[in-house]
Amino acid sequence: MNKNLTNSLAMAFLWIAAGTTVAVLFAVIAYVVVNGIMVITPEFIFTWPEGVNAEGGVWPTIVSTLYVTGLAMLIVTPIAILAAVYLAEYAVQGRLVNIIRFAADSLASVPSIVMGLFGLALFVETMGIGFSMLSAALALSFLMLPIVMRTTEEAIRSVPKYIRWGAYGLGASKWQTVSRSVLPAATPRIVTGIILATGRAVGETAVVIYTMGQAINLPLTPFDSGRPMTVHLYLLAMDGINLPAAYGTALLLMIMILAFNLGARYFLRRNRKV
Amino acid sequence: MSERRSVILMVLSLVLTLTVIPLSGCNAGARAANELVVTGSTTILPIAEIAGEMFTDDNPENKVLVSGLGSSAGIETVSRGSSDIGTASRDLKEEEMELGLYDTPLAYDAIAVIVHPSNPIDDLTKEQVRLIFNGTYTNWSELGGNDVRIGLVNRDEASGTREAFYKIAMEKSPFDRTAAVLPGTGQVRSVVAQAEGAVGYISLGFVNNEVKSISVDGIEASAETVVDGTYPISRLLHFFTPGEPTGLAKEYIDFVLSDEIQNGIVIDAGFTPISAGEDR
Amino acid sequence: MMVDEPRIDEGGTSSGNLQLMSRSTYFKETALKNIFLLCAFVAVMGVALIFLFVGWRGWPLMADIGLGSFLGGAEWNPTSALYGILPLIWGSVVVMAGALALGTPLAVGTAIFLSEIATPRVRSIVRPAVELLAGIPSVIFGFFGLIVLRPLIANATGGLGFGAVTAWFILAIMIVPTIATLTEDALNSIPPGIREASYAMGATPWQTIYKVLVPAAKIGILDAIILGMGRAIGETMAVLMVVGNAPVFPQGVTVPLSTLTSQIVMDMPYAAGDHRTALFGMAIVLFVVSMGLVALVRLIARFQTSMDRGR
């Protein structure tokens, strides 16, 4: 077959592939938006679910989602940043580092149900914390850890060498260099990574069902339980009775994740000095 | 050298963490005195929830936490003490009889056999229902209907509705294992409403005009036929408590048994008040 | 690592290096370094803890009936105390295989498109689209599959619409971002000179892609596919909502089946005793499989580096 004909066919295929991907994304988003937009009223956002089939609003689920992912973010950030500092600044290529990286990759690809059962076995039952924001946040932080570690490490590595040299040249110790020169320079990227990881945590379902339960509740302390938006959507969908509320929840969930994604991108663009 | 030292340090810290964890088991299981935990059947869940809210409206210092994980879960949690009231849409199994649970029925319910509205079949015998759900019949044409594959829709094993159907309609012969297993009444209904050959079973209270309810042995499922016992597939809905109900549990149960609730939300939900069948 | 960083001596050795800092700073620096190492080690502790706690909960059953009859047992019927998970393993494999078959061409095609064909303007639409796709939670995909796709397939096939086919479509689109992003990275890391050389010899873009670029990026693409596999096997919510949950070997692609992940979620609410233990056992199997895939990727990467070095 003529090579130009093959080329044209192949190009067509590639265009179709990319087009299909975008089309499916568009279809899913459009479907949720079209069906959910009617449902999103201030009442929906700010009132409680009531009645037989969760008519009413979704306020406690919104709070639960934000609470647990915020808590997870607080827990994971210091550990992940310091871990990345180690990998980027101190680590020597060797068995230890390989083990750490393998472990991080493994955590990143854990099936969420396994993480959920793990959270159930360790935090809820063995440690006795029970179904709570805390148990769920701890499980979520294990999920977020490899993501934040990787993005922070990349952020640190992308800081130009001359910044470090300047600090050393002035007689700074390693820690002073890292904490006062390198990390501040890497902050925009680090923050972006954290926001993206939190966006991922917002979408988790299996992990939180087994560590937080599903009772609708407005969490005040980390020991309270609650029902995040993902679980609410799942239950509404499986129940099949109150589909409008399901669409509304799905739309709000997508808006929240979109906000995280765009926020991260915007933050990065605004603060990029390097 | 320094790497080996680091490794030793890390192994030690790992060991330390692992020994500390089991010791840290603090018990957060205590419940507040004014909190009532009600768990169990998804069929009873709507009533339990609304009643719980109305109850709290009348007595604002109390809180009723309702969740629905299935009748089996309800019975287990109440016998273990993790909940105050276990709701179930089935009777106790033999092995559960010795758990010492006290039974307060709250309503009657019929289990309707539903098919797609376009299905021409209107009536089946109880035996035919059994043979459909155990997989003997695979095509509607075998029963005088259209040439369409029978799509079995089953409930999950935690479901009291399933258990009741198993006992009464299946007479304990096993379900066809290739049936789809769905975890919610609403889902069974939406699937049957959209698939031509589908057949499933849901509580009468959830039947709407998206699906068609079949009469069994010539009897249609309705509130009357449930109470006078002519509809073959019906059951009681139960509140189980560890012994006679006392305190907050008793107040709540009495509230649900009150006329206001029985003639209100119980009927709204499609069930038949317990008082209607006093002499059953 | 940081080869040109001035070596701040870790003081106190007998080699007689000039001490550039005081003893207290040295201790502080070493303590800090160990704290950071500890943090990095949290990842390792996490993996160990998962093995420990999930494995400990799941082990008794496997020890009881033997690993062989657990993994190889063809009947899953907890009410009759039969805990053979082979039908579920088969379900997971079937679902993953179809998703890969559908998703890989789509993803690789999109990646090639992004890296080789798209103009910057088109790229600015397609790449964010792929990233956005990655961010959509699995419940929403499952929801979409349940409410939109299932009735369509039901009408088309005369069944219920639950089954492998539905799962394939939903899962395929979910793994596209994973595979596409990694493939695009692999393609982008090929030096532009190679492309120019190919064009200079009169090759069409497709010939360049097909004969030069893809082989060069082969390892990266393989990695991408393996990670896509991991994602497909480990996906829980979306699969659960469309697969039908019949724990048997499916006699077709439009009949209900079940996977390891979906079965755990279905049974967990009411499982007790041996049944519950079996579910934890399944979780450990899933974890081992996903770790195995990660190990495979790392092995391949190491193999390639050593091959490059030997050249």
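Predicted model: local features only at pLDDT ≥ 70, side-chain atom pairs only at ≥ 80, totals over all residues.
View 1. When its neighbours within four places in sequence are left aside, A:Ser64 is in contact with A:Pro219, A:Gly226, A:Arg227 and A:Pro228. A:Leu218 is 154 residues away from A:Ser64 in sequence, yet the C-alpha atoms of these two residues are 6.7 Å apart in space.

**View 2. The contact between chain C and chain A.** Chain C gives 71 residues to this contact, and chain A gives 71 residues as well. On the side of chain C that touches chain A, the largest share comes from helix α1 of chain C (residues 23-65), which supplies 20 residues. The residues on that side of chain C comprise 53 nonpolar, 13 polar and five charged ones.

**View 3. C:Ala43 and the largest nonpolar core.** The largest nonpolar core holds 277 residues, and the members that touch the most other members are A:Ala83, C:Ala43, C:Leu171 and C:Ala283. Domain 1 (3-19 + 109-227) and domain 2 (35-106 + 236-277) of chain B both contribute residues to this core, and therefore it lies between them. For C:Ala43, once its neighbours within four places in sequence are set aside, the residues in contact are A:Ala83, A:Ile100, A:Ala103, A:Ala104, A:Leu107, A:Leu145, A:Pro146 and A:Met149.

**View 4. The fold of chain C.** Chain C contains 12 helices and two strands, and along the sequence these elements follow the pattern α-α-β-β-α-α-α-α-α-α-α-α-α-α. Chain C is more spread out than a compact globule, because its radius of gyration is 25 Å, well over the 19 Å that the globule rule gives for 311 residues. The C-alpha trace of chain C spans about 80 × 60 × 35 Å along its principal axes. Of the 311 residues in chain C, 50% count as buried, and among its contacts with a separation of 6 or more, 69% are accounted for by residues 24 or more positions apart.

**View 5. Helix α2 of chain B and what covers it.** Helix α2 of chain B, made of the 14 residues 45-58, reaches 20 Å from its first C-alpha to its last, which is close to the 20 Å expected at 1.5 Å a residue. Its buried residues are B:Leu45, B:Pro46, B:Ile47, B:Ala48, B:Glu49, B:Ile50, B:Ala51 and B:Gly52. The elements of chain B that cover these buried residues include the strands β1 (35-40), β2 (63-67) and β3 (85-88), together with the helices α8 (247-257) and α9 (259-268).

**View 6. Two loop residues of chain B with positive phi.** B:Lys172 belongs to the loop between α5 (160-168) and β7 (180-182) of chain B, and its phi is near 65 degrees, a positive value in a residue other than glycine. B:Lys172 is exposed, because 9 other C-beta atoms lie within 10 Å, and a residue with 12 or fewer counts as exposed. B:Asp217 lies in the loop between β9 (212-216) and α7 (223-227) of chain B, where its phi is positive at about 55 degrees although B:Asp217 is not a glycine. B:Asp217 counts as partly exposed, because it has 15 C-beta neighbours inside 10 Å.

How values were computed:
Residues numbered from 1 in each chain as written. Chains lettered and ligands numbered in written order. Helix = DSSP H or I, 4+ residues; strand = E, 2+ residues; numbered from the N terminus. Rg over C-alpha atoms; globule rule 2.2 N^0.38 Å. Buried ≥ 20, exposed ≤ 12 C-beta atoms within 10 Å, placed from the backbone. Contact = placed C-beta atoms within 7 Å. Expected span 1.5 Å × (residues − 1). Core = buried A, V, L, I, M, F, W, Y, C linked by C-beta atoms within 7 Å. Domains from an automatic or database assignment. Nonpolar A, V, L, I, M, F, W, Y, C, P; charged D, E, K, R; others polar.
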